Amino acid sequence: MPNGIWVVIEQVKGEIRKVSLELVSKGKEFAAAKGEPLTAVILGKGIAGLADTVASYGADKVIIVEDDKLEDYTTGAYTSVLNKVIKAGDPNAVLLGNTAIGKDLAPRLAQRLGVGLASDVTGAEVDDANYLKFSRPVYAGKAYASVVLTDKPVLATVRPNTYAVAEPDASKKAEVSTETADIDAADIKAIVKEVIIAASSRPELVEANIIISGGRAMKGPENFKILEDCADVIGAAVGASRAAVDSGWIEQKFQVGQTGKVVSPTLYIACGISGAIQHLAGMGTSKVIVAINKDADANIFNVADYGIVGDLFDVVPLLTEEFKKMV
Amino acid sequence: MNFNLTEDHNMIRDMVRSFAETELAPGIEERDEEEHFGIEFWPKAAELGLAGVTFPEEYNGIGADYISYAITVEELSRVDPSFGVTISAHSSLGANPINMFGTPAQKEKYLSKLASGEHMGAFGLTESNAGTDASGTKTTAVKNADGDYVVNGSKVFITNGYYADTYVITAQMDKEKGNKGIAAFILEKGTPGFSFGKKEKKMGIRSSATYELVFEDVVIPKENLLAEEGQGFKVAMQTLDYGRIGIASQALGIAQGAFENALKYSQERIQFGQPISNFQVTQFKLADMAMKIDAARLLVYRAAFVASEHKVPVSYYAAAAKCIASEVANEVAREAVQIYGGYGYTREYPVERFLRDAKITEIYEGTSEVQRMVVSSKVLKDGPVL
Amino acid sequence: MGNIVVAIKQVFDTEAVIAISGGKISDQGVKLVVNPFDEFAIEEALKIKEAGGADEVTIVSVGGEKAPEAIRTALAMGADKGIHVDISSLGVIDEFVAAEYLAKAIATVPYDLVLAGRIAIDDGSSQVAVRAAEVLGIPSVSSILKLDIAGSTATVSREIDGGTETIEIPIPALFTAQKGLNEPRLPSMMGIMKAKKKDLTVLTPADLGVDATAKSNVLEYSLPPARAAGKKLTGEAADTAAELAKLLREEAKVI
């Protein structure tokens with residue numbers, strides 16, 4: 001009996017991350033191509049109700065593991081539980097989101113299982129010899145590697161926004177099983193003391209569909225208000241180049257680029273960003289790139305689908321007004 | 001023969017380049033525009049050891065060779081030629097005469113603070129009527145009843161003036177003897193009668209400090225006589241011999257900085273539907289710039305090598321390196337502006353600043369004409385250089 | 001606390017232009033540097049030591065023949081000694097194998113804390129350090145922004161999506177450093193001069209007795225398709241803004 005593809009669902013306080021639904025949607029296609037089931041694995045506390053949700057996006061089976069010790073994510077406890085359920089369930093592939101949790105969990109889990117891991121995957125296809133074949137950026141997207149893994153299960157963390165979320169169908173039901181956590185004592189070492197989620201009405205940078213970013217030409221921290229005003233009209237996240245972050249105008253967590261976040265939104269609007277190779281490495285896979293820059297020779301125009309040669313302080317507020325008329 | 005730099009040299013280059021790019025590059029246009037001396041960068045530079053590269057460890061120096069020093073000044077000047085000359089004037093002119101000619105007590109008192117960067121140094125030789133011709137020195141030193149020296153006169157164009165804590169100055173003690181009547185002294189800032197005259201408004205290196213020094217009955221204690229009475233000219237000439245390695249390195253950095261900007265720009269600037277680097281006229285400009293810089297660099301590093309070896313006098317090697325490197329800096333900076341075209345002439349882009357900064361390297365610490373005098377006297381005396 | 005081990009990797013400079021030659025990423029003319037995220041790890045170790053929290057900082061790097069340059073840079077910053085696991089005889093290794101070597105090399109010295117960068121900017125896989133912690137059997141926390149150690153407990157703040165979380169964890173443990181943890185120092189001139197006198201041990205694969213084979217294979221490398229420059233709008237700001245908004249809605253269909 002083939003044991004198909006598993007997706008590890010990431011949930012925060014009972015809310016499923018978008019990337020997990022992207023993986024259920026795409027994973028279902030892969031599983032169907034293989035003639036195998038798609039299984040969603042959900043760890044946490046008070047999460048049984050999420051089974052119907054993942055079923056509506058295409059999961060054939062759902063494995064629920066509930067435990068007080070799984071309420072907050074910790075590397076040890078999650079690795080312990082997943083290692084056991086994966087060994088018992090013997091899937092052919094396990095997919096996770098390349099999120100803060102996915103990046104922390106997957107390598108540890110891979111080593112415990114004694115298998116390979118394809119990280120930060122931006123493309124995958126079914127492969128006869130190796131089950132799945134992955135495409136992943138190296139050198140922050142300046143090149144791509146085509147990667148296969150030799151052992152089962154095939155493990156991958158997939159970059160958010162790589163795949164679309166399917167239309168949910170509430171009539172779809174999944175076969176739900178519940179496992180006990182049975183966490184090894186040796187794996188319970190970390191205690192989560194505090195979780196601070198920054199209050200923001202804007203989407204998380206790596207998951208955002210639209211990002212509007214500012215660079216050196218922003219001239220100071222106060223001017224990011226111009227970008228925020230625009231972002232709030234179109235539901236965008238605000239990002240920044242390294243120059244702006246290193247000048248202390250905006251927090252580091254907003255940095256896009258080789259030494260910051262790597263993003264792949266539908267629309268990326270670069271304002272006053274010259275387009276250094278390190279920045280392009282962080283946003284080069286965006287579907288549509290817009291550049292607004294005073295310097296007609298700025299490198300960013302070489303990758304932009306649409307460019308405006310002009311002062312961002314003139315253009316962006318006017319653009320915001322235009323967007324207001326539309327949405 | 002080995003043209004490879006050591007791992008230490010490469011690490012020093014990386015370190016100084018990082019310092020220059022992260023600390024000096026931001027705000028460089030404003031500092032140039034406002035003639036603001038970058039004193040705020042001094043403590044960090046000192047902490048990194050940039051103030052005492054070639055000086056002995058026993059006096060808080062680093063004990064590195066002159067190539068390390070050349071690389072340091074080159075990398076600073078690649079980004080900020082004004083800060084490059086600040087370090088060069090401090091090290092080569094302010095501290096090195098004390099290192100070369102000072103007594104152990106003078107080194108302990110002054111060099112140890114200069115090499116650590118706790119103090120900044122400067123050098124006062126040039127006067128309004130004594131430029132290339134040092135024998136025209138009008139500043140006088142007269143021995144008083146205590147055996148101390150009373151100095152009167154003034155010095156002009158003094159790099160690091162006002163900001164430096166310690167000044168090595170020259171003064172005439174016996175006009176009859178001409179150059180052989182000159183003595184050199186270590187003078188502390190704050191000594192009564194020692195003040196600063198006007199700050200020069202300059203064409204280039206505008207964020208370096210250039211001041212007039214004024215001496216009105218300044219009493220310099222006898223223990224601050226450097227070398228002996230009558231040896232001041234020798235102190236100055238030998239100081240300049242080594243100092244020229246610093247200016248040659250500054251010129252090299254200017255050429256490199258201008259070239260890198262022009263190279264990048266030529267690949268980005270689109271005319272007739274393609275980057276201008278596709279046109280042979282630009283390619284040949286870039287080739288000439290690259291070759292000239294390469295030639296200059298070999299001369300500068302060779303002079304530094306000779307200075308480290310201490311086997312033969314450095315004067316010819318330093319003069320040749322300084323003369324060629326300073327001329328290359330001017331040629332390369334001029335071509336860089338040309339590659340930028342109209343934009344290159346504006347202050348939006350850095351190449352016009354490099355061009356303005358380059359000019360002084362053909363003038364200070366011996367004009368190109370003085371360097372040719374040094375070179376020609378060598379070849380006329382010893383025959384062709386091999 | 002006694003010894004801190006910092007795992008570092010030598011990588012291409014972020015300015016490097018990537019070219020593929022003979023199916024491999026070409027290192028021709030590429031400047032090699034300490035992985036920028038590893039610099040945060042080195043800095044944190046040095047800060048702990050300077051504050052009296054550790055006796056010695058050991059640098060470990062699994063890499064080819066040029067890796068000692070990166071180790072020397074860390075020694076010039078102030079680390080005490082280095083261990084180079086020279087894998088130039090092994091050819092291409094994957095994260096699974098690298099982690100085995102790294103863990104074995106770390107285990108050759110006593111340690112209370114292991115630090116590394118959260119990601120290496122070359123392969124970008126964010127795996128080896130965490131895998132090594134698993135091999136060593138010590139807990140790990142990724143992407144930390146703050147580290148405090150009191151007795152045998154570390155309190156770390158780590159970056160999570162949309163915020164931070166604070167975790168208490170016993171040491172020995174491994175932490176990977178995120179930008180923001182500290183401001184890495186430059187090696188000083190004196191540090192550079194002293195670095196070459198510091199102890200740098202070279203270990204061969206045979207010395208470590210690792211028995212591991214790669215679990216992943218790179219089939220090929222490719223360059224991303226070049227993005228063609230698109231429409232450049234010039235003119236009055238109001239006109240270009242209106243035109244752009246219209247294009248984004250009607251042509252690109254992204255608004």
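Two strands pair if DSSP finds at least two bridges between them. That rule matters here because strand β10 (residues 143-149) of chain A and strand β14 (residues 216-222) of chain C are joined by 6 bridges. The model is predicted.

**Fold of chain A**
- Chain A holds 8 helices and 18 strands.
- Its radius of gyration is 21 Å, close to the 20 Å that the globule rule gives for 327 residues, so chain A is as compact as a globular protein of that length.
- The C-alpha trace of chain A spans about 60 × 45 × 40 Å along its principal axes.
- Buried residues make up 61% of the 327 in chain A.
- Take the contacts in chain A between residues at least 6 apart in sequence: 65% of them join residues at least 24 apart.

**Where chain A meets chain C**
- The contact involves 73 residues of chain A and 72 residues of chain C.
- Helix α4 (residues 100-113) of chain A supplies 8 residues, the largest share of the chain A side.
- By class, that side of chain A has 40 nonpolar, 18 polar and 15 charged residues.
- Strand β10 of chain A and strand β14 of chain C run antiparallel.
- Within this pairing, L149(A) has S216(C) as its bridge partner in β14(C).

**Domains of chain A**
- The domain assignment gives domain 1 (5-187) and domain 2 (205-326).
- The centres of the two domains of chain A, taken over C-alpha atoms, are 32 Å apart.
- Domain 1 and domain 2 of chain A each put 10 residues into their contact.
- On the domain 1 side, these residues divide into 3 nonpolar, 4 polar and 3 charged.

**Cis peptide bonds**
- K152(A) and P153(A) are joined by a cis peptide bond, with omega about -5°. P153(A) sits in the loop between β10 and β11 (154-158) of chain A.
- I171(C) and P172(C) are also joined by a cis peptide bond, with omega about 5°. P172(C) is in the loop between β11 (163-170) and β12 (173-177) of chain C.

**Positive phi in chain B**
- E35(B) is not a glycine, yet its phi is positive, about 50°. E35(B) lies in the loop between α2 (28-34) and α3 (42-47) of chain B. It counts as partly exposed because it has 17 C-beta neighbours inside 10 Å.
- E365(B) is not a glycine either, and its phi is about 55°. E365(B) lies in the loop between α10 (351-359) and α11 (368-382) of chain B. E365(B) has 31 other C-beta atoms within 10 Å, so it is buried.

Technical notes: Residues are numbered from 1 along each chain as its sequence is written. Chains are lettered from A and ligands numbered from 1 in the order in which they are written. This is a predicted model: local features need pLDDT of at least 70, side-chain atom pairs count only at pLDDT 80 or more; totals for chains, interfaces and linings use all residues. Helices (H or I, at least four residues) and strands (E, at least two) are DSSP runs, numbered from the N terminus. The radius of gyration is taken over C-alpha atoms; the globule rule is 2.2 Å times the number of residues to the power 0.38. A residue is buried if 20 or more other C-beta atoms lie within 10 Å of its own, exposed if 12 or fewer, and partly exposed in between; C-beta atoms are placed from the backbone. Two residues are in contact if their C-beta atoms, placed from the backbone, lie within 7 Å. Ala, Val, Leu, Ile, Met, Phe, Trp, Tyr, Cys and Pro count as nonpolar, Asp, Glu, Lys and Arg as charged, and the others, Gly among them, as polar. Domain bounds come from an automatic or database domain assignment.
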